[in-house]
Amino acid sequence: MRILCIEDEPELLEYIANGLTQEGYVVDSASDGKNGLFLASTEQYDVMLIDRMLPEIDGLTIIKTLRGAGNNTPILIFSALGEVDDRVKGLRSGGDDYLVKPFAFSELTARIEALNRRNKQTAETETTLFAKDLELDLLKRKAKIGSKDIELQSTEYRLLEYLMRHKGQVVTRTMLLEYVWDYHFDPQTNVIDVHISRLRQKISHEDPQYLIKTKRGAGYIIEDD
Amino acid sequence: MTRAYRNSSSFKVATLFLALLAISVIFLLLAFYFYAEDNQTAKLIIIFAALPLIVIAVSGYLISVFVVTRINRMAETANQIIRTGDLSKRLEIDSRWDDLSYLSKVLNDMLDKIQQLMMGVQHITDSVAHDLRTPLAKLRNNLEYVSSKNTSNEEIKPLIDEVDQVLKTFNSLLSLSSIESGRQSFQFKEFDLQQLIIDAVDFYAPLAHDKDIEINLETVDAIYVGDRDLFFQVIANLLDNAIKFTPAGGSIEIMMLKESYSTTISICDSGTGLTGDAFTKVFERFYRDPNHMTLPGSGLGLSLVQAVLNLHHAKIELTNATPGLKAKIVLTNHHD
């Protein structure tokens with residue numbers, strides 16, 4: 001996967017580029033808006049990481065310019081301290097996701113994977129998702145294990161749907177909060193873990209990690225069969 | 001630098017009074033002198049002697065009224081500062097000639113200085129949190145990297161959790177400061193308050209269920225203008241506390257009440273409640289109930305609640321219900 005990273009903090013840029021290269025991505029980097037925009041509009045990337053504040057050309061302007069030119073590459077925006085206003089502005093200007101600095105590396109890779117997947121998936125219109133012996137009917141909003149129906153509450157269904165849609169990818173707790181509950185906040189207790197363990201009980205097997213695995217320090221994953 | 005007594009308005013008033021007193025004494029002496037020969041003139045002079053005394057009495061009364069009102073007003077402002085902790089309030093100064101205005105001015109200068117020092121302290125806390133966040137995040141990521149290369153090493157994982165906890169505290173501290181200072185502009189928009197509360201309860205329900213706590217929810221239709229995410233954080237923090245402090249098998253009552261000018265949301269747990277000065281202290285940064293030190297928490301939850309509510313010009317009141325603690329949020333309804 002080819003990634004472009006536009007970030008003006010040299011240390012952070014190096015850190016991201018090295019980290020992503022180690023993970024097997026191909027990374028191009030730019031340390032100011034002008035070079036960044038040049039690369040972004042001349043080369044083909046799978047995901048772009050763009051800092052909100054950049055010298056020469058501001059991050060949001062780059063995004064608007066690219067979108068204006070019909071470039072639909074998924075974009076992840078970086079910003080300093082979680083400024084709510086910034087988040088909304090960033091997404092409105094055409095960004096696809098938003099990450100507050102400093103972030104955990106696992107959060108970054110999880111989001112890159114999610115963005116890449118979303119991009120590839122747009123053409124497909126799946127109505128049923130499968131993972132091991134679990135079947136999720138997106139139209140009827142029903143889950144089945146083998147031939148047995150499973151009663152799910154709406155939150156549990158949405159949680160399972162999100163995890164299934166991102167099968168094979170790590171999903172972080174923050175991503176679950178943002179996309180399953182649709183609130184951007186910081187829970188004091190790890191309530192999400194409790195939701196997951198209840199969901200696990202419903203799709204029960206001897207082994208709680210059977211379908212939904214915990215990636216400690218990162219999040220959860222439903223692995224590809 | 002001390003101000004000479006000669007320059008004060010008290011000195012001027014005292015001098016004036018002394019002069020008036022002297023005049024009246026002179027008139028009295030004159031009256032004695034004339035008393036033997038001309039009774040009529042003596043009486044007239046006594047009246048003249050009485051006039052300055054009346055002037056002294058009347059102006060003395062007026063001055064005391066003026067002084068007491070002033071002092072009361074100063075005390076009231078000082079009380080407000082103590083009660084609300086709002087160091088931006090200042091004593092009123094509506095004249096410049098009297099000594100109390102001078103005192104007010106000096107006290108205001110002192111408040112300026114205190115506020116400046118406080119902001120300095122806050123700024124240091126914030127920059128410590130801000131500057132330590134990046135190296136901590138790096139430390140965390142390196143730990144993560146080591147643990148991913150070395151799957152047998154389970155000892156690293158609790159370390160990651162601990163660093164995460166520190167980062168979380170720093171993040172709360174920074175968002176608290178940024179809300180308090182009003183530095184950032186917020187997204188005030190209409191949102192469905194009833195739905196938000198239902199969502200928050202739904203989010204925390206499994207946690208309550210695990211402790212066998214029953215949540216009774218009564219909501220009413222309500223639309224509110226504010227920052228939806230921050231408001232969710234408020235309800236989340238209060239619910240989190242309610243569940244934390246309610247013993248297993250207890251219950252939590254959540255009630256919404258809509259009146260013409262205000263909407264109230266009360267969250268009532270069945271824990272042990274609060275005692276004494278804890279009612280005000282719980283809103284302080286890093287305050288933790290000494291009886292519940294073993295429970296997890298950063299001591300920033302309620303500080304954040306109050307900061308967000310202040311931002312929305314809303315209020316929170318804590319009272320002991322029997323049993324438990326009742327947190328009541330009072331929101332002013334928006335009328336277009």
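The radius of gyration used here is taken over C-alpha atoms, and the rule for a globule is 2.2 Å times the number of residues to the power 0.38. The model on screen is predicted.

**Chain B as a whole**

Select chain B. For its 336 residues a compact globule would have a radius of gyration near 20 Å, whereas chain B has 32 Å. Colour by secondary structure to see eight helices and seven strands in chain B. Buried residues account for 23% of the chain. Of the contacts in chain B between residues at least 6 apart in sequence, 65% join residues at least 24 apart.

**Helices α6 and α8 of chain B**

Next, select residues 228-245 of chain B, which form helix α6, and residues 301-311, which form helix α8. The two helices pack at an angle of about 145°, and their axes are 9 Å apart. Their crossing is left-handed. To see the contact itself, show the side chains. On α6(B) the residues taking part include Leu230(B), Phe231(B), Val234(B) and Leu238(B). On α8(B) they include Leu302(B), Leu304(B), Val305(B) and Val308(B). Taken by class, the residues of this contact are nine nonpolar, four polar and one charged.

**The nonpolar core**

In soluble globular proteins, nonpolar side chains tend to be buried together. The largest nonpolar core in this model has 101 residues. Leu49(A), Ala200(B), Tyr204(B), Ile235(B), Leu239(B) and Ile267(B) have the most contacts inside this core. The largest share of the core comes from α6(B), with 11 residues. Now pick Leu239(B). Which residues is Leu239(B) in contact with, leaving aside neighbours within four places in sequence? They are Ala200(B), Val201(B), Tyr204(B) and Ile267(B).

**Where the chains meet**

Show both chains. In the contact between them, 26 residues of chain A meet 34 residues of chain B. On the side of chain A that touches chain B, α4 (84-92), α5 (105-121) and α8 (191-202) each supply at least two residues. The most come from α8(A), which gives four. This side of chain A has 13 nonpolar, eight polar and five charged residues.

**A residue on helix α4 of chain B**

Go to Gln165(B), in helix α4 (residues 156-181) of chain B. Is Gln165(B) buried or exposed? Gln165(B) counts as exposed because it has 12 C-beta neighbours inside 10 Å, and the cut-off for exposed is 12 or fewer.

**Backbone details in chain A**

The last stops concern the backbone. Most residues other than glycine have a negative phi, and most peptide bonds are trans. Select Lys101(A) and Pro102(A), which are joined by a cis peptide bond with omega about -10°. Pro102(A) is in the loop between β5 (97-100) and α5 of chain A.

Move on to Lys132(A), in the loop between β6 (128-131) and β7 (134-137) of chain A. Lys132(A) is not a glycine, yet has a positive phi of about 50°. With 13 other C-beta atoms within 10 Å, Lys132(A) is partly exposed.

End at Arg141(A), in the loop between β7 and β8 (142-145) of chain A. Its phi is also positive, near 55°. Arg141(A) has 12 other C-beta atoms within 10 Å and is therefore exposed.

Notes:
Residues numbered from 1 in each chain as written. Chains lettered and ligands numbered in written order. Predicted model: local features only at pLDDT ≥ 70, side-chain atom pairs only at ≥ 80, totals over all residues. Axes fitted to C-alpha atoms, helices over the stretch in contact; angles between N-to-C directions. Left-handed = near helix turned anticlockwise from the far one by under 90°. Contact = placed C-beta atoms within 7 Å. Nonpolar A, V, L, I, M, F, W, Y, C, P; charged D, E, K, R; others polar. Buried ≥ 20, exposed ≤ 12 C-beta atoms within 10 Å, placed from the backbone. Core = buried A, V, L, I, M, F, W, Y, C linked by C-beta atoms within 7 Å.
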